[in-house]
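Hello,

Here is the structure I promised to send over.

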Amino acid sequence: MYQREFAMRLVAKTGDPLFCRLSVNTQLLARVDHLLKVGKNNFRPPPKIDSSVVRIEPRNPLPAIDFKEWDGLIRLCFNRKNKTLGSIFRQKAVCALMEKNFKTHQALQGSLDNQADADLVMQLGDVTNDTSMDLDSGDFDTMDEDMDGSTIPSTFKDKGLAVLKEHDYEDKRSSKLTQEDFLKLLAVFNKAGFHFS
């Protein structure tokens, strides 16, 4: 038994106004069903909220995905769930984060042995002096859109947007995507060399 609003978020489906990260993550790992509403008048003293009973059955076997990667993608997509994915992946902060993750993953995989890969990483720019990710920088509105491409190299941003466009995700919104859409999106980004953890 949970507070009604929380329970409705657990069972929310694609397109529902309550559909959120909690819905996606819970439904990835379990089958969730709303069983019944429990009114506040069924308790003494009555609480200020209604409750609901939900059934949560863990999925067996679990999907074969990297859950850190999954969580990173879902966090980015649901930060502004009603924005298009193209708009989300154009943001300076998102591009900087993805570039940093790209470089870290490449370094960990040891694939920088190839000179072409090394040239690509050097071309993408150095984010060590990038203050767009600092929390103390003051105005958060400056992190939203990268209109002129001045901070984030356009080759990296364009590559991410090309992945979205190629698979018809650029104009879709997170709140309208299904579980399968998110799994496919994660797979195509990983295949293109983008990582979220």
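One definition before the rest: Ala, Val, Leu, Ile, Met, Phe, Trp, Tyr, Cys and Pro count as nonpolar, Asp, Glu, Lys and Arg as charged, and the others, Gly among them, as polar. Please also keep in mind that this is a predicted model.

The structure holds 1 cavity of 30 Å³ or more, and the space in the largest cavity is about 40 Å³. Its lining consists of Phe89, Cys95, Met98, Phe156, Lys157, Gly160, Leu161 and Phe194. Sorted by class, these residues come to 6 nonpolar, 1 polar and 1 charged.

Now for the chain as a whole. The protein chain has 8 helices and 3 strands, and along the sequence they come in the pattern β-α-α-β-β-α-α-α-α-α-α. There are 197 residues in the protein chain, and 38% of them are buried. Its accessible surface is about 11600 Å², with 52% of that belonging to carbon and sulfur atoms. If you take the contacts between residues at least 6 apart in sequence, 68% of them join residues at least 24 apart.

Next, the sheet. In general, strands of a sheet pair through backbone hydrogen bonds, either parallel or antiparallel. Here the 3 strands form an open sheet in the order 1-3-2, and the pairing is antiparallel. Strand 1 (2–3) and strand 2 are the edge strands, each pairing on one side only. Strand 2 and strand 3 (residues 51–58) are paired over 8 bridges. Two places to look at in this pairing are His34, which stands opposite Val54 in strand 3, and Val38, which stands opposite Ser51 in strand 3. Strand 1 and strand 3 pair over 2 bridges, and Tyr2 has Ser52 of strand 3 as a bridge partner.

Strand 2 also turns up in the second largest pocket, where 4 residues of the lining come from this strand, the most of any contributor. Helix 2 (21–29) and strand 2 (30–38) each supply at least two residues there. The volume of this pocket is about 170 Å³.

The peptide bond from Arg44 to Pro45 is cis, with omega near -10 degrees, and Pro45 sits in the loop between strand 2 and strand 3. The peptide bond from Asn60 to Pro61 is also cis, with omega near 5 degrees; Pro61 belongs to the loop between strand 3 and helix 3 (67–79).

Finally, which loop holds Asp168? Asp168 is in the loop between helix 7 and helix 8. This residue is not a glycine, yet its phi is positive, near 60 degrees. Asp168 counts as exposed because its relative accessible area is 56%, and exposed means over 50%.

Arg173 is found in the loop between helix 7 (154–166) and helix 8 (179–191) too. Is Arg173 buried, exposed or partly exposed? With a relative accessible area of 36%, Arg173 is partly exposed, as that value falls between the 20% and 50% cut-offs. Neighbours within four places in sequence aside, Arg173 is in contact with Lys81, Asn82, Lys83 and Thr84. Arg173 and Leu85 are 88 residues apart in sequence, and their C-alpha atoms are 5.8 Å apart in space.

Happy browsing, and do write back with any questions.

Best wishes

Notes:
Residues numbered from 1 in each chain as written. Predicted model: local features only at pLDDT ≥ 70, side-chain atom pairs only at ≥ 80, totals over all residues. Heavy atoms only, no water. Buried < 20%, exposed > 50% of the residue type's maximum accessible area, 1.4 Å probe, protein only. Contact = heavy atoms within 4.5 Å. Areas by Shrake-Rupley, 256 points an atom, 1.4 Å probe, with all protein chains shown as cover. 1 Å grid on protein atoms, 1.4 Å probe; cavity = no way out; pocket = protein on both sides within 12 Å on 5 of 7 lines; lining within 4 Å. Points joined across faces, edges and corners; volume = space filled by probe spheres on them. Pairing = 2+ DSSP bridges.
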